Amino acid sequence: MKLLFLGLDGFDPDVAARLIAGGRLPALASIAAAGSLGRVLSTLPPATMPAWATCLTGTCPGRHGVFDFARIDGYAVRFGTRRAAGPTFLETMAAAGLRVGSLGFPGRFGRDGLAFHVAGWDTPLDVAARVSPAGLHDRIVGRFGARALRFAAADEHRTSGGGWPDRFAAALRESVGARAALASWLAREFRLDVLAVHFQAADTAGHHLIGTRAMDDVYAAVDEAVGLLAGSLEPDAVVAVSDHGMGPASGVVVSINALLERAGFLRNRRSSVRAAAGRVLRRAGLYALPARARSAVVRAAGLVAPEAVESAARFGAIDMPATAAFSDDLTYAPSVRINVRGREPLGTVAPGDRERVAREVADCLRGVRGPDERPLFELVLPREAVYEGPFLDEAPDIILWPAQDALGRLPSLCPPHLRPRMGDRCWMAVPPDERRGRKGGILRGNHRRHGMLAVGPAPRAPAERPAADLRAVASLACAAVGIHAPVPPARDEFTDDRLTGAERRVLARRLAALGYIDDAW
């Protein structure tokens, strides 16, 4: 029983449905015709690293320990994803005697027993991939060139100039074809039973090209790669899933830290040499250095310098001894951390007061309205209501998700280089010079909470639970090859006893409207 498992990063279910209806995604349409096509709920927040770890392990971030591609150590940013706790379903399949190969999935996921493993990115910097077994790296470079093992699908910084959308999309389509050719070769060389391949291009296109014909062309290129691999491997089953969806960003940029400052939970230093230097160096690293130069610097100096720069840019302006709560201001993972004494280096909140202060911060943020007078946040939840497991204490204290405006757009959170331009404001219109959508700045598209799931044909045995969220994909994939993979019992992540009655009622209405629970809950 052969399985082709496809990770289509950022492949939006609504865009996919539209293009399938228009005949532009024949490979996915064929898979869906033999099985099913639907939506799958991502993690909260729907960030790449925790979402893929959840998909591959069948457990939530509180159990596998992956919350982002960076970890916050006090007020320092540490790049690099931890290795997910617990086996992936790929390792489960390998332990059952199947020959399994994995290509390109972001993060430090397990590779025990796999025929081959080519890692994807686990930092925002384009550095060399980890490859096993020994000797495979040189074989790949000798046949396909060193570019085949680069993480970046295209130089995401050059999103300007005449005709750039078409040039950018062409580079993305080329990267898709190269990944498909490498995957097809690996499948033949290793005579696989299970081939798992990750494609990044749709996510990149969604951030930079959303709503354009060029983005549709990238989706079509991914579909062509799906068809090529299905024809090459001749699998008995195909599972194609995306870690999250994509949607348009609004013309508004918001600073959570500015909201916290206005409410008295945070104090900023009006003049911070460290923060200013961090912003300047961060911008220089992102835009002034060519891609090859950035990679060379990282290989020579390691991650220490980029970590120091990022830490200064994010937190250098905050007067921590006078602050009770602060945020990373990350658009893809909005959250708030309580500045706890003994946990943070300059903590001000007693450990016993953490939950009280978190409730006060949450109540404040729930009442915030945006420039259109709509609530700014759809969800404001304590971490205990979102995660459970041994890594719970590593999660931010409050998890946020912004509300869409009347046009279905989400606001962007303020990157470090824009904070001085906001002044005393909590939000502002995106400046015209930021509308190019450069990496590290304001992007045209941002993540959405539902990804796509296509399965064909239907598994021979039912999964442990319906594929309502990414945790179920692991057991679904195992069922497709006739392997039983026990999954930890699902916990309703939105029914924690610590939620107030009002919070529970609001969440119940939202979940019922989405069809996940009965309205009487």
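R383 lies in the loop between β13 (377–382) and β14 (398–402). Strands here are DSSP runs of E with at least two residues, helices are runs of H or I with at least four residues, and both are numbered from the N terminus. The model is predicted, so local features need pLDDT of at least 70 and side-chain atom pairs count only at pLDDT 80 or more, while totals for chains, interfaces and linings use all residues. Residues are numbered from 1 along each chain as its sequence is written, and side-chain values use heavy atoms, with hydrogens and water left out.

R383 counts as buried, because its relative accessibility is 4%; buried means under 20% relative accessible area, exposed means over 50%, and partly exposed is in between, with a 1.4 Å probe and protein chains only. Leaving aside residues up to four places away in sequence, R383 touches R343, R354, L392, D393, A395, P396, D397 and I399, where contact means heavy atoms within 4.5 Å. The side chain of R383 also reaches the backbone oxygen of D393 at 3.3 Å.

A salt bridge is a side-chain nitrogen of Lys or Arg within 4 Å of a carboxyl oxygen of Asp or Glu. Side chains of opposite charge can pair when their charged atoms come close. Both R383 and D397 are buried.

The structure holds 31 salt bridges. R63 is partly exposed, with a relative accessible area of 36%, whereas E388 counts as buried at 18% relative accessibility.

A further salt bridge joins R421 and D433, with 3.2 Å between the closest N and O atoms. Because R421 lies in helix α15 (residues 419–422) and D433 in the loop between β16 (427–429) and β17 (445–448), the pair ties together parts that are 12 residues apart in sequence. R421 is partly exposed, with a relative accessible area of 39%, and D433 is partly exposed with a relative accessible area of 39%. Elsewhere, salt bridges that share partners join R343, E344, R354, R383, E384, D393 and D397 into one network.

Notes. A polar contact is a pair of N or O atoms within 3.5 Å; within protein, one must be able to donate a hydrogen and the other to accept it, and residues adjacent in sequence count only if both atoms are side-chain atoms.
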